[in-house]
Amino acid sequence: MIDFHAHILPGIDDGSQSMEESLAMFRLEQNQGVETVVATPHFYAWRDSVAGFLRRREKSVRSFLERLPGGEAFPRLCQGAEVYYFSGIGKAEQLSALCIENTSAILLELPFEEWTEKVLEEVRFLVEKRRFTVILAHVERYYAYQKNKAVWNRMLELPLCVQINAASFSERKKQRIVNAFFEQERDVILGSDCHNMGKRPPNLEEGRKMLVQRAGMAALEKTDALGERILAHG
Ligand SMILES: [Fe+2]
């Protein structure tokens, strides 16, 4: 079990605000049987440099690991980022530094508005020319903003992965779009997108159960296999 999207590191973004909260979130991941947590703090290019972000992440990871009880086999903490789209991202040189640890997979957050041709072409460039494994973060959340579905459809024709939030399986408004991803047999991975122990806690176990209810055990197995492949090769 891999949680591909987690704001679990302390004090680095709008996720966990304290070490205690991070530890509680980590414990909850563990209790749910999660084996790998990909820590994905927000990266906003207009706020932060890549070097500055990596420094802050390193500091947060180090302090967190120091506090994790020793001798526990899992979950493994893997470093990543949730990179928000910015103009020029297609050719941005330092992007590989923001990939999931030891992979060429990047968790990309797209604008919460109707996607333009420019957004599409930059993502296409990342996928086709730069050969990143692009993972669209919580893909189901953008759908409602795409009044004209032309760009959306072309975006999803690209060979990329989509990440669905565990909570979206139980949101009535998201059910149709979430189901469609499985009906179309797309490359789907899951994340909790956990931010805290309150309204947005780690909830991967629940999401996986719902996935099986909706799409069957084979779909869950496919998701797990894809997740393993991404972490192994990117
Ligand atoms: Fe997120």
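Tutor: Axes are lines fitted to C-alpha atoms, for helices over the stretch in contact, and angles run from 0 to 180 degrees between N-to-C directions. The model under discussion is predicted.

Student: How are the axes of helix α6 and helix α7 placed, and at roughly what angle do they cross?

Tutor: Helix α6 covers residues 204–215 and helix α7 covers residues 217–233. Their axes come within 7 Å. Angles over 145 degrees count as roughly antiparallel and 65 to 115 as roughly perpendicular, the rest above that range being oblique. The crossing is at roughly 130 degrees, which makes α6 oblique to α7.

Student: Which residues in α7 are met by Arg 208, Leu 211, Val 212 and Ala 215 in α6?

Tutor: By class, this contact of α6 with α7 has six nonpolar, no polar and one charged residues. On the α7 side, the residues met are Met 217, Ala 219 and Leu 220.

Student: Which strands stand at the edges of the open sheet of six strands?

Tutor: The strand order is β3-β5-β6-β7-β8-β9, with parallel pairing. Two of these strands each have a single partner strand, so one side of each is left without a neighbour in the sheet. The edge strands are β3 (42–43) and β9 (188–191).

Student: Which residue is the bridge partner of Val 83 in β6?

Tutor: Strand β5 (residues 82–84) pairs with strand β6 (residues 105–109) in the parallel sense over three bridges. The partner of Val 83 is Leu 108.

Student: Which residue in β4 stands opposite Val 38?

Tutor: A further open sheet has three strands in the order β1-β2-β4. In it, strand β2 (residues 36–39) and β4 pair in the parallel sense over four bridges. Opposite Val 38 stands Cys 78.

Methods
Residues are numbered from 1 along each chain as its sequence is written. This is a predicted model: local features need pLDDT of at least 70, side-chain atom pairs count only at pLDDT 80 or more; totals for chains, interfaces and linings use all residues. Helices (H or I, at least four residues) and strands (E, at least two) are DSSP runs, numbered from the N terminus. Angles under 35 degrees count as roughly parallel, over 145 as roughly antiparallel, 65 to 115 as roughly perpendicular and the rest as oblique. Two residues are in contact if their C-beta atoms, placed from the backbone, lie within 7 Å. Ala, Val, Leu, Ile, Met, Phe, Trp, Tyr, Cys and Pro count as nonpolar, Asp, Glu, Lys and Arg as charged, and the others, Gly among them, as polar. Two strands pair if DSSP finds at least two bridges between them.
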